[in-house]
Amino acid sequence: MADTQYILPNDIGVSCLDCREAFRLLSPTERLYAHHLSRAAWYGGLAVLLQTSPEAPYIYALLSRLFRAQDPDQLRQHALAEGLTEEEYQEKLERVILGSKAAQQHPEEVRGLWQTCGELMFSLESRLRHLGLGKEGITTYFSGDCTMEDAKLAQDFLDSQNLSAYNTRLFKEVGQDGQPRYEVRLASVLGAEPALDSEMTSKLKSYTFRGSHFQVTRGDYAPILQKVVEHLEKAKAYAANSHQEQMLAQYIESFTQGSIEAHKRGSRFWIQDKGPIVESYIGFIESYRDPFGSRGEFEGFVAMVNKAMSAKFEWLVASAEQLLKELPWPPAFEKDKFLTPDFTSLDVLTFAGSGIPAGINIPNYDDLRQTEGFKNVSLGNVLAVSYTTQREKLTFLEEDDKDLYIRWKGPSFDVQVGLHELLGHGSGKLFVQDEKGAFNFDQDTVINPETGEQIQSWYRSGETWDSKFSTIASSYEECRAESVGLYLCLNPQVLEIFGFEGADAEDVIYVNWLNMVRAGLLALEFYTPETASWRQAHMQARFVILRVLLEAGEGLVTVTPTTGSDGRPDARVRLDRSKIRSVGKPALERFLRRLQVLKSTGDVAGGRALYEGYAAVTDAPPECFLTLRDTVLLRKESRKLIVQPNTRLEGSEVQLLEYEASAAGLIQSFSERFPEDGPELEEVLTQLATADARFWKGPSEAPSGQA
């Protein structure tokens, strides 16, 4: 049972992102702007392979080479002609690859790539099955011998030098004296070569910190970022205004020099670029997949405004200051001034990264969010394809709930995403003492509502939410935002904004809460008992909320093990809709206040005790969550694969290339993403991976035929 979560069926659902109408409405100049930003995002997204596992770049290079030589249908016909059956074609990857046209044309190289990644690709060895640090899992944000203690030491070092971890990786080697030596490597086009003086030049040197040797270098992902910069330069020529031009100039500076400060400056211009027709963001953004919670995965998106849904979000923004007063913490714990953000519904053209979210609240830089503001986006065409479920595949719900759930899940999720992003991530103040010793709150008058005493802790200069709360920061913040969404969806004004009144409004509330408690149960798929760890921030957050609502008692929520009609273990989630306001709301109110107070005051010990307590998965009755986890794995539905379009420049016109919703369409979209430089990118990725291979127990030699 333990391994089933790592085994996927061959018939996973595939959906297409539809942005045809939004793209059609763009002007020729807007299309060119979107095209070059998309190219920058797709090139940069290749860095994610180098941020995941030692074998990931080789897997990409192998599949890229395989499908450059033959499309899926040609490969299938070739395999059948070579003597494989239809079933073997689906199951026997090694035989398919080594018998392919690519292998016949370049036998040494293809065999070498397979030998490097084939075994690792399929390994179910416990450490290699999921992301983690040291013995807990695999990651290439850190060298293989780094421990959580190394990560903490490195974070303290970075804080001491006012360096962000977002665009770094950490490599540890033991010197001849037996002492560890740490390399903090910044992502940049420039490496060790002499360069014009910049804000980064003075940081690139050796340090001694708490008796340990640190060397700050740069040049990580250099050839990939060079491609990013080239297309950002081209996009500048089609920018709609000076904000976009200056934004792109700072991004170029950031990726060239390795400067997060330059990226922050670019983000300021991005925040000021209100209501653009083509929206985008790019950089080392989300820290979910760093086991320590500080390093950002490369991400880039390009999208176009959906005007109808954006009008509703604009109304929500206009109501935000009033709605913030409804949140259950004292005014001193809220930002001094609500900086009115952009909030738009977008149809995604391009989203390069390890996944596609339903909504985003960025930038993630605390200092900018507190003083400059932020933007919210809801990704409408992602919502349309990612969260649809067939009735027969709806697990863990009562039959009476299923039709209601299908009818209202989409609309309720629009409400939840809007509240989550704008008033969840957009709310709350961090208490900070700056480098001059000045506080951004009144020490004499501000009282902690949980203790009745004056504030005892805060963030000091150089400390951030991510650096202080590290491993729990992402999930804790997602939990706070999800809780705000549940809490405020009870407000009639909010529901009216989205067009719901009367019985419809009550159904939206019920399905929103029901969806959350069901999601809390489904989240168990992402818990690993062997290491007592969670592998996904949002899922951990939803489980915590389920625990809070179960703790509220009085029959508000029940999770009951059952036996399904097929004779196998099953479960039922029930939510008493008559008790949402009387029992559920007060429970969430208490929980939300504690979450915000601990976050505002930077109380790491208190925050960990609260959050990790609720996130603990045990077999204690009555729920017996460890046993229920086996049931969740038994009945899980695989997440859909999403096919994204490409853009192609033909003369001076940009064409939108769309693909069918199938595995073949997904493969074709990747094969046509880099039509001119596919072979070059394969070589770049394998060279970069090979150069650092010594830091992991994985591939230690370059594949045959690879430089």
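The largest nonpolar core of this protein has 93 residues, and the residues with the most contacts inside it are Leu422, Leu423, Phe498, Trp513, Leu521, Leu524 and Phe591. The model described here is predicted.

Setting aside residues up to four places away in sequence, Leu423 touches Ala320, Leu323, Leu324 and Leu327, together with Gly418, Val484 and Leu488.

## The chain as a whole

The overall fold contains 27 helices and 19 strands. The C-alpha atoms fill a box of roughly 70 × 65 × 60 Å, taken along the principal axes. For a chain of 707 residues, a compact globule would have a radius of gyration near 27 Å, and the 25 Å of this protein agrees with that value.

Of the 707 residues, 57% are buried. Among contacts between residues at least 6 apart in sequence, 73% join residues at least 24 apart. The protein exposes about 29200 Å², and carbon and sulfur atoms supply 49% of this area.

Which helix holds Lys599? Lys599 has its place in helix α23, which covers residues 580-600. Lys599 has a relative accessible area of 9%, and it is therefore buried, since the cut-off for a buried residue is under 20%. Beyond residues up to four places away in sequence, Lys599 touches Leu430, Tyr459, Trp465, Phe469, Tyr476, Glu477 and Arg480.

His231 belongs to helix α11, formed by residues 222-236. Is His231 buried or exposed? With a relative accessibility of 11%, His231 counts as buried. Leaving aside neighbours within four places in sequence, His231 is in contact with His36, Arg39, Ala40 and Tyr43.

Thr558 is found in strand β15, which spans residues 557-563. Its relative accessible area is 30%, so Thr558 is partly exposed: the value lies between the limits of 20% and 50%. Thr558 touches Leu550, Arg572, Val573 and Arg574, when residues up to four places away in sequence are not counted. The C-alpha atoms of Thr558 and Leu575 are separated by 6.8 Å, while the two residues are 17 residues apart along the chain.

Ala438 lies in the loop between β11 (432-433) and β12 (459-460). At 40% relative accessibility, Ala438 counts as partly exposed. Apart from its neighbours within four places in sequence, Ala438 is in contact with Val432 and Gln433. Where Tyr6 is concerned, the separation from Ala438 is 432 residues along the chain and 51 Å between the C-alpha atoms.

## Backbone details in loops

Two residues other than glycine have a positive phi value, Asn162 and Ala532. Asn162 lies in the loop between α10 (148-160) and β2 (168-174). Ala532 lies in the loop between β13 (527-528) and β14 (533-534). The table gives the phi value and the accessibility of each residue.

| Residue | Phi | Relative accessible area |
|---|---|---|
| Asn162 | near 55° | 55%, exposed |
| Ala532 | near 50° | 54%, exposed |

Why is Asn162 classed as exposed? Its relative accessible area is 55%, and a residue is exposed over 50%, so Asn162 falls in that class. Ala532, with a relative accessible area of 54%, is exposed by the cut-off of over 50%.

Pro363 is found in the loop between β9 (359-362) and α16 (366-371). Another cis bond runs from Pro621 to Pro622, with omega near 5°. Pro622 is found in the loop between α24 (604-615) and α25 (625-634).

Definitions and conventions
Residues are numbered from 1 along each chain as its sequence is written. This is a predicted model: local features need pLDDT of at least 70, side-chain atom pairs count only at pLDDT 80 or more; totals for chains, interfaces and linings use all residues. Side-chain values use heavy atoms; hydrogens and water are left out. Helices (H or I, at least four residues) and strands (E, at least two) are DSSP runs, numbered from the N terminus. The radius of gyration is taken over C-alpha atoms; the globule rule is 2.2 Å times the number of residues to the power 0.38. Buried means under 20% relative accessible area, exposed over 50%, partly exposed in between (1.4 Å probe, protein chains only). Contact means heavy atoms within 4.5 Å. Accessible areas come from the Shrake-Rupley method with a 1.4 Å probe; for residues, only the protein chains shown count as cover. A nonpolar core is a set of buried Ala, Val, Leu, Ile, Met, Phe, Trp, Tyr and Cys residues joined through side-chain atoms within 4.5 Å.
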